[in-house]
Amino acid sequence: LTPSHPHTLTPSHPHILTPRLFQLHLAGLHAAGHALLNVLPLFVLANSGDAGVECVNENETRYKPQRLLLYDRQPGGTGISAQVQPIFGRLLAAALELVEGCECDQ
């Protein structure tokens, strides 16, 4: 993964992935988004409905870059995106730690 924007991660070379690896890549982005939402309240004051992540849909027919996108869900925003911007790296590290610490087999 390479940073294409300071707060967005995209695959370095998505064109070299086989269809199966590409599906795993999409599933990983989807799971990473949920992990980000789970650790978000550890860093900013937020309710579960205040923020969302753009989830990858394998049935999507329009072009959408594969990325992790965290956004304000409330009309007009609550300022969560602005609060997360300077700590996004720490948020990603906490999400990774959460996933790596999971003892499940899935």
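Start by selecting Leu17, which touches Phe22 and His25 if residues up to four places away in sequence are left out. What you have on screen is a predicted model. Leu17 sits in the loop between strand E2 (8–10) and helix H1. Is Leu17 buried, exposed or partly exposed? Leu17 is partly exposed, because its relative accessible area is 29%, and buried would call for under 20%.

**Next, select residues 19–39.** This is helix H1, with 21 residues. From its first C-alpha to its last, H1 reaches 30 Å, close to the 30 Å expected at 1.5 Å a residue. Now colour His25, Leu26, Leu29, Gly33, Ala35, Leu36 and Val39: these residues of H1 are buried. As you look along the helix, keep a general point in mind: an α-helix has 3.6 residues a turn, so residues three or four places apart point the same way. What do the buried residues of H1 pack against? Show strand E3 (51–53) and helix H3 (88–100), and you have their partners.

**Now keep H1 and H3 on screen.** Turn the view until you can see both axes; they come within 8 Å and cross at roughly 105°. H1 is therefore roughly perpendicular to H3. On the H1 side of the contact, select Ala35, Leu36, Asn38 and Val39. On the H3 side, pick Phe88, Leu91, Leu92, Ala94, Ala95, Leu98 and Val99. The residues of this contact of H1 with H3 are 10 nonpolar, one polar and no charged.

**Zoom in on Leu92.** This residue belongs to helix H3. Leu92 counts as partly exposed, because its relative accessible area is 23%, whereas a buried residue would have under 20%.

**Last stop: the largest nonpolar core.** This core has 18 residues, and Leu36, Leu40, Leu70, Ile80, Val84 and Leu91 touch the most other members. The elements that give two or more residues to the core are H1, E3, helix H2 (80–84) and H3. To finish, centre the view on Leu40. Which residues does Leu40 touch, not counting residues up to four places away in sequence? Look for Ala46, Ala51, Leu70, Ile80, Val84 and Leu91 around Leu40.

Terms used: Residues numbered from 1 in each chain as written. Predicted model: local features only at pLDDT ≥ 70, side-chain atom pairs only at ≥ 80, totals over all residues. Heavy atoms only, no water. Helix = DSSP H or I, 4+ residues; strand = E, 2+ residues; numbered from the N terminus. Expected span 1.5 Å × (residues − 1). Buried < 20%, exposed > 50% of the residue type's maximum accessible area, 1.4 Å probe, protein only. Contact = heavy atoms within 4.5 Å. Core = buried A, V, L, I, M, F, W, Y, C linked by side-chain atoms within 4.5 Å. Axes fitted to C-alpha atoms, helices over the stretch in contact; angles between N-to-C directions. Parallel < 35°, antiparallel > 145°, perpendicular 65-115°, else oblique. Nonpolar A, V, L, I, M, F, W, Y, C, P; charged D, E, K, R; others polar.
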